[in-house]
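Me: I would like to learn how to read a protein model. Please take me through it one feature at a time.

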Amino acid sequence: MAYQQKDYFFQKAKSENYAARSIFKLQEINERFKILRAGYKVLDLGAAPGSWSQYASTQVGKQGRVLGIDLQPIQLTLPNTMFIQDDLRKCDLEAILNAHQMPPPVDVVLSDMAPKTTGIHITDQIRSLELCELALATADQLLRPRGSFICKLFQSDEFENFRSSLRKRFGKVEVLRPKSTRKESKEIFFICLQNQNSKNFGKNSALR
Ligand SMILES: C[S@@+](CC[C@H](N)C(=O)[O-])C[C@H]1O[C@@H](n2cnc3c(N)ncnc32)[C@H](O)[C@@H]1O
């Protein structure tokens, strides 16, 4: 379990059987922006130890699917959810989705990916931005038209540049710092709605 500091959200996650206190960030985002719906296919990038996938799995229900990927193994067994241990920088996610009966496009791409922090702010910020760019490239490839993308960034001078690239691709881009984010953390989340990419996914491309 990824509990570190035993604060209010730590205790709450533990009592509700969530793998990490991060669940409450996604819950707050979803309650505000209504991103996860019954029947949706969801990609969870940087999924370990699994609390976002736990939450997504309950939101998409029996008809939905969740695929979580992480460098680390994930020990949970959840309905309609698969976990893959791999490096997103190297794997062929489209092939993985096809192999797991979850052919693209997906309705939602979530990324809570974070680098192993070094304590050197500039290094951590650059690595976080690289993971955001990787997540965005994944959304470009696999997210359906009008789909949603959520992505975590460690705040830096690159914030505006990255937001501009998001605004070119999505109809609406919001920024949120969830209530459960630790005081000392520099993380913020981009909530990107209405993917403007009109990539044709063939027979899987039906708009919702
Ligand atoms: C903050 S944790 C995610 C917590 C998760 N959302 C949850 O609720 O349990 C960030 C994760 O990003 C993963 N990560 C970082 N770089 C990655 C990469 N290149 N490919 C896959 N996962 C990566 C890390 O291994 C780490 O488990």
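Me: Which residue in S5 is the bridge partner of Val109?

Reply: Val109 has Phe149 in S5 as its bridge partner. Two strands pair if DSSP finds at least two bridges between them; strands (E, at least two residues) and helices (H or I, at least four) are DSSP runs, numbered from the N terminus. S4 and strand S5 (residues 143-154) run parallel and are joined by five bridges. This is a predicted model, in which local features need pLDDT of at least 70, side-chain atom pairs count only at pLDDT 80 or more, and totals for chains, interfaces and linings use all residues. Residues are numbered from 1 along each chain as its sequence is written.

Me: How many bridges pair strand S1 with S4, and in which sense?

Reply: Strand S1 (residues 41-45) pairs with S4 over four bridges, in the parallel sense. Val42 is opposite Val108 in S4.

Me: How many residues of strand S4 are buried?

Reply: A residue is buried if 20 or more other C-beta atoms, placed from the backbone, lie within 10 Å of its own, exposed if 12 or fewer, and partly exposed in between. In strand S4 (residues 106-111), six of the six residues are buried, so the strand is largely enclosed by the rest of the structure. Over the chain, 39% of the 208 residues count as buried.

Me: What does one do with the buried nonpolar residues?

Reply: In soluble globular proteins, nonpolar side chains tend to be buried together. A nonpolar core is a set of buried Ala, Val, Leu, Ile, Met, Phe, Trp, Tyr and Cys residues joined through C-beta atoms within 7 Å. In this model the largest such core has 52 residues, and Val42, Val109 and Cys151 are among those with the most contacts inside it.

Me: Which residues is Cys151 in contact with, leaving aside neighbours within four places in sequence?

Reply: A contact means that two C-beta atoms, placed from the backbone, lie within 7 Å. With those neighbours left out, Cys151 touches Ser111, Cys132, Ala135, Leu136, Phe189 and Phe190. For the chain as a whole, 63% of the contacts with a separation of 6 or more are between residues 24 or more positions apart.

Me: Which residues of helix H2 are buried?

Reply: An α-helix has 3.6 residues a turn, so residues three or four places apart point the same way. Helix H2 (residues 23-33) has Ile23, Phe24, Lys25, Leu26, Ile29 and Asn30 buried. The cover over the buried residues of H2 includes helix H1 (8-15), H3, S5, S6 and S7. After H2 comes Lys34, which has a positive phi near 50°.

Me: How do I read backbone angles in the loops?

Reply: Asn80 has a positive phi near 55° and sits in the loop between S2 and strand S3 (81-85). With 18 C-beta neighbours inside 10 Å, Asn80 is partly exposed. Gln101 also has a positive phi, near 50°, and belongs to the loop between H4 and S4. Gln101 has 8 other C-beta atoms within 10 Å, so it is exposed.

Me: Which residues does a cis peptide bond join?

Reply: Ala48 and Pro49 are joined by one, with omega about 5°; Pro49 is in the loop between S1 and H3. The bond from Pro104 to Pro105 is cis too, with omega near 10°, and Pro105 is in the loop between helix H4 (93-99) and S4.

Me: What is the overall make-up of the chain in helices and strands?

Reply: The chain has six helices and seven strands, in the order α-α-β-α-β-β-α-β-α-β-α-β-β along the sequence. The radius of gyration, taken over C-alpha atoms, is compared with the globule rule, 2.2 Å times the number of residues to the power 0.38. The chain's value is 16 Å, close to the 17 Å that the rule gives for 208 residues, so the chain is as compact as a globular protein of that length. Its C-alpha trace spans about 45 × 40 × 35 Å along the principal axes.
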